[in-house]
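Okay, thanks for coming, everyone.

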Amino acid sequence: MDKNQILKEFSSDPDKYYNVKLFQEQGFVRKSCSKCGRFFWTLDSNRTLCPDDGTDTYSFIGEPPTTKRFDYTQAWKQVEEFFVKNNHTSVSRYPVVCRWRDDLYFTIASIVDFQRIMGSKVVFEFPANPLVVPQTCLRFKDLENVGVTGRHFSSFCMIGQHSVPNNQGYWKDECVDLDYRLLTDQFGIKKEEVVFVEDVWAGGGSFGPSLEYFVRGLELGNAVFTEFQGELGQHTTLDQRVIDMGAGLERFAWITMGTPTAYDCCFGPINEKLFNKIGIDSDSEILRKYFTEIAKEIDNYDDLNQVRRLAIKNAGITDSQLTKMITPMEGMYLIADHLRTLIFAITDGALPSNVGGGYNLRMMLRRINATVSKLNLKLDIDDLIDTHIDYLKDTYPELDEKREDVKQILKIESARYEESKVHMKKKAEKIREKGTPTVDELITFYESDGITPEYLKEVDAIAEVPSSFYSKLSDLHQSEKKKAITELPLEKLPETETLFYKDDPMEFEAKVIKVFDDQVVLDKTSFYARGGGQEPDHGSIAGFEVVDVDKHADIIVHKLKGGTPNEGDTVQCKVDATRRSNITKNHTSTHIINTSARSVLGSWVWQHSAFKDDDHARLDITHHSSLNDEQVKQIEDAANKMIKDNYPVKIEYFDRGTAEQQYGFRIYQGGVVPVKSVRIVSIEDKDIEACGGTHVKKTGDIELIKITKTKRIQDGVVRLEFVSGPNAFEYVKEQEEESKKKEQQAIEKQQLEKQREENKDKAREKIPVFIEKILAGESLDSEEINSKGKLCFTSSENYDDYFNQNFGKKLVAKTTLQHFVEFLKRSNYTGNDICR
Ligand SMILES: [Zn+2]
Ligand SMILES: [Zn+2]
């Protein structure tokens, strides 16, 4: 949808779309910017320019428009106090890892918290109405601006003010009135300073007008009224209109503090720590001038370096000031920003890796490390993490709990980077020699060696990162996910009644409502269909073997072998109860191992994927390194402790919003659940997951879990293979037999060794005696040795190789000498003697 078209349409009827009650009451006038033509609302009738073009732009730097000063955390307190006072519920932030949407890795706006995707539709789950939330949002689009422009962050706090117009919530008039009073009453900004600009918002099939509010050229917030759906002109009003006001908390702090950059008032005491390292006072006239220039010009140029050069010129900065002040400061801001983002992401369970969203985290830590080494800094990262968290924990107490986890992950990741550097450097040299690689080659370097194109650019192995690299990479991973969906003739069939969610009988009667090829659809079934990593039930329908069961939307299809019943038949069905019982034990075991692994390894452990068959199962978890024997044992012990404690496994249905509020997003271990009613499987408070699988009634029913193998299968993912129930006992028995066999073999080997030693001793005694006898011409028949004439041999088992070889050697040595003497005497040497 063309935004400009919508804006033109809406602005042509301002009374309908933009003219709120506040504008009338206060006497706001509507103006068109004399430079860009955009419409804005102001109390200053002399104003001719919109905030972007105004002469007052960024004049708050060094001269804030408020008498009160609020830093980042204080600014939130002000906002929260204001909205709570005005009947809003203050909601805690949602995770920055967006577990409830499979189209997003990270939470990018406050409204995302409440959006759920159902098919192609977006629906909302608001835990309260109206509400306000300090939502940490991660955005990696403008990483090169971070630390440089004074106002770009890799993560920021979006103040989300949300309301659904009904008997509790409100619509446009009240929203704009609240935002205006927040600025003027709560923050003490003069009424004339506030300017509202007409704009529109469009996305995900819906759109609506919006009013952006500015103070001295700084956009503080944007109130979006999501109102319509469809194509402009043929649009209709949404069933659920929503107010989506998002404001930047960092900017609220900045405007009251008037510091050269927003970074100076948003990172707390960490700045001071960092600046002490480089001996710079961030509060200087020259910096104020420099960053004001940057802020003013940033939107006018595409090239950031051009903006920098201009600001350097206009602020009168010398080359030495640039290298001594600006460059180190940009580095410090970058470190503070990236570290803060990493703290939020890791706290919420994300891991730096080469996959998906983890890639951005890895990239940020590498940028921190590169900056530290470029500026030759001695930094205690743990101390910086503590400083950040101490400052933020009042607003975000959850950060405090994960402090050590964050430190551990960053330490491991940094060490890994240092290790890989040597390898990466060598590879980069080869690439440089060979000439520019293709995008496909770059993808191979990235996937198999973990070498990013950014790194190759940094070391001048390539000139540019190809713009198609990441889209191609994501396509590659996308197509892996795509499953071939075969078209089945299932139209107009009724939903199959799922008995396995009810009484779950192992034998039942059902009506055949559709037969095609070897597939059968019943009106109801107890056969569990493949789903959520759980393999299907087997058994028989009307005497025919059931070999597969799949679910297509709400219809369950059974695949039979040996024939099919007729449509309309009422048939006897029998589920293979042993197979089902084994699969069920494996499924509950997956939940148990998942939570056990988390308790042993750390909070970053999430289910990545799982598979449960009747004789084996596996769980892939997110973890940074391979597991050692000790960790595997600890996980297994923790799992068997849960079995021993015999906890009940409870299954309950919840409204999705209620489930999320009550249990948090940990419930989405198996991924997003696109239904309104969520099936929650809980083992006390130890493991609570949204899950559609079959489960034992009590953990004790599993009896035993054995982990059979673990393996790091990809960057950040470890696979645990395991068996449970009868299969676990079988495994233990096999293991025992195996170890008994090994023990027996060891004993036998030892005995053999002993025997050999004894034989050696015996041989050493006997050989000289036998030789004496042979030389004396005596018979050795009694010793089972045949020595007739020049031949001497034995086939007796009583003598081993050692004896034979040594006896032979020694005998030859003796007899050769003797025979040589004889030969000289008789001169009839035949040459055969040497055989002896
Ligand atoms: Zn303008
Ligand atoms: Zn499950």
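**A walk through the model**

Let me start with K492, which sits in the loop between α18 (469–481) and β12 (497–498). Before anything else, please keep in mind that this is a predicted model. Now, back to K492: phi there is near 65 degrees, a positive value in a residue other than glycine. Is K492 buried or exposed? With a relative accessibility of 86%, K492 counts as exposed.

There's another residue of that sort, N376. Its phi is positive too, about 55 degrees, although N376 is not a glycine. You'll find N376 in the loop between α12 (358–374) and α13 (381–392). N376 is exposed, with 63% relative accessible area.

While we're on backbone matters, have a look at N129 and P130. The peptide bond joining them is cis, with omega at about -10 degrees. P130 belongs to the loop between β5 (121–124) and β6.

Go on to the loop between β6 (131–138) and β7 (155–163), and you come to N145. N145 is in a loop, and yet N145 counts as buried, because its relative accessibility is 10% and the cut-off for buried is under 20%. What does N145 touch, once we leave aside neighbours within four places in sequence? The contacts are H152, Y263 and L304.

Okay, the metal. Which residues hold the zinc ion, ligand 2? The coordinating atoms are NE2 of H587, NE2 of H591 and SG of C691, at 2.1 to 2.3 Å. If you like reading these off a sequence, the spacing of the donors is H-x3-H-x99-C. The two histidines are both in helix α19, residues 577–601, and since they're four residues apart there, about one helical turn separates H587 from H591. Both of these histidines are buried.

Next, the nonpolar interior. As a rule, nonpolar side chains in soluble globular proteins tend to be buried together. Here, the largest nonpolar core has 170 residues, and the ones touching the most other members are F23, V79, F196, F252, Y290 and I593. Which helix gives the most to this core? That's α11, residues 319–347, with 14 residues. Apart from this core there is another one, of 19 residues, and F508, V515, I541 and I556 are among them.

Not counting residues up to four places away in sequence, I593 touches L619, I635, A639, I705, I707, L720 and F722.

Now over to strand β13, residues 507–516, where we find I513. I513 counts as partly exposed, at 24% relative accessibility. Beyond its neighbours within four places in sequence, I513 is in contact with P494, V521, L522, D523 and E567. And if you want a distance, I513 and T496 are 17 residues apart along the chain, with 9.9 Å between their C-alpha atoms.

Two helix residues next. A763 is in helix α22, residues 726–775, and at 1% relative accessibility A763 counts as buried. Leaving out neighbours within four places in sequence, A763 has contacts with P768, Y802 and F803.

I286 counts as partly exposed, at 22% relative accessibility. Again skipping neighbours within four places in sequence, I286 is in contact with A315, I317, Q321 and M325. I286 and V696 are 69 Å apart, C-alpha to C-alpha, and 410 residues apart in sequence.

What's the lining made of, class by class? There are eight charged residues, five polar and five nonpolar.

That's my tour, so over to you for questions.

Note on methods:
Residues numbered from 1 in each chain as written. Chains lettered and ligands numbered in written order. Predicted model: local features only at pLDDT ≥ 70, side-chain atom pairs only at ≥ 80, totals over all residues. Heavy atoms only, no water. Nonpolar A, V, L, I, M, F, W, Y, C, P; charged D, E, K, R; others polar. Donors = N, O, S within 2.8 Å, 3.2 Å for Na, K, Ca; no water. Buried < 20%, exposed > 50% of the residue type's maximum accessible area, 1.4 Å probe, protein only. Core = buried A, V, L, I, M, F, W, Y, C linked by side-chain atoms within 4.5 Å. Contact = heavy atoms within 4.5 Å.
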